[in-house]
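Work through the two exercises below with the sequence and the model at hand. Each task is followed by its solution.

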Amino acid sequence: MSVYITSTGHHLPGEPVDNDRIEEVLGRVHGKPSRLKRRILEANGIQTRHYAIDAEHRTTISNGEMAALAGRDCLDRGYVPDARLDMLSVATSQGDLVLPGFGSMVQAELGLPSLELHTSHGICSSSMMALKAAWTAIRAGEHGNALVVASELASRLFKASRFEAAGATPDFNAEFLRWMLSDGAGALLLEDRPRGLSFRIDWIRGVSHADAFPVCMSVGRPNGQGRHPSWQDYPTYAEAEADGALLIRQDVRLLDHLVKLGVDGLLRLIDEGRVRVDEVDHLLCHYSSHHFRGQIFDMLTQAGAAIPEEKWYTNLYTRGNTGCASLFIMLDEFRRTRELAEGETLLCFVPESGRFNNVYMHLTVVREATS
């Protein structure tokens, strides 16, 4: 059974924040301007992004509320009333609460009546895992439709007070993501039939390399080796915070593996015949930094599998890196702003640096048959 994306939606909190104002919102650690900010921003190429906190570090909208607004935007543009929705599949890196599952909170925010619920937890690729769960359920004939929502509220981790609570000036691995990540939510409506101009999901393939590589991006453990491998192993939460175990960290030394593994996975799909480079009309790739775009293109070129750069689409530079929500927000903006013809194909690629999980998806533009 074929499955189609029939509607899309998104929500970005507040007004866009440019590079001159970013530290006004997140705050200066110990009152001092960052020495790393300019270097990291130049590499990632992001010009504006959105935050769900204000300059006083007050949360303006919760993660669950953002997810619900994106879901509502998608449903309002779609063809399935709330009471006819069969499944809600939701993804985030960190919900507003440790428990219960994020999906339960989003269902309540949306006010959706009884349906099947799925929550996918992870980092960037968790949205694609949530999408695959819904896609699989519809293909199996379990459901006729599903709403898939991905939402991230990273800015609460980047308040100056978080770093000050950890004592000394933050190390590079802790500060790196402060200038990379931002907030937002995206949503897709899946059905077992096309509606108007839709995207048919041809396949979704994920490849994890967690067995071969150490953790690259994490929250919940201190920097380096210590007595406490997890924030939950400390005698008190205050001690975990003081040791920096609650900061989000990126081991930047491992990031080159992410690009290589992602390209290797794509080449494997080409060898399998799933991807024909000359038949790809659009490439939507969630690269977290402009720095990686060139690396990906160069590796594909060297392998004789380059997709011309004029076929690449991203909104990273104006919407920011919104983690697992990035591809959904990207796909929504792409769908709204492009004149698409039936038969055009999209190759979507989401690499995740948490412990190196890459997910690929192939879409075809189709049009609902009319009598």
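Residues are numbered from 1 along each chain as its sequence is written, and side-chain values use heavy atoms, without hydrogens and water. In this predicted model, local features need pLDDT of at least 70 and side-chain atom pairs count only at pLDDT 80 or more, while totals for chains, interfaces and linings use all residues.

**Exercise 1.** Determine which residues of helix 2 are buried and what they pack against.

Solution. 
1. Helices here are DSSP runs of H or I with at least four residues, and strands are runs of E with at least two, numbered from the N terminus.
2. Buried means under 20% relative accessible area, exposed over 50%, and partly exposed in between (1.4 Å probe, protein chains only).
3. In helix 2 (residues 37-44), the buried residues are Lys37, Ile40, Leu41 and Asn44. They lie on the same side of helix 2 because they cover an arc of only 100° around its axis, taken from the directions from the helix axis to the C-beta atoms.
4. Arg38, Arg39 and Glu42 are exposed, on the face turned away from the buried side.
5. The buried residues pack against helix 1 (22-26), strand 3 (48-49), helix 7 (172-175), helix 10 (290-302) and helix 11 (316-319), where contact means heavy atoms within 4.5 Å.

**Exercise 2.** Find the strands that pair with strand 6, and the sense of each pairing.

Solution. 
1. Two strands pair if DSSP finds at least two bridges between them.
2. Strand 4 (residues 87-92) pairs with strand 6 in the parallel sense over four bridges; Ser89 stands opposite Val148.
3. Strand 7 (residues 184-191) pairs with strand 6 in the antiparallel sense over eight bridges, with Ser151 opposite Ala185.
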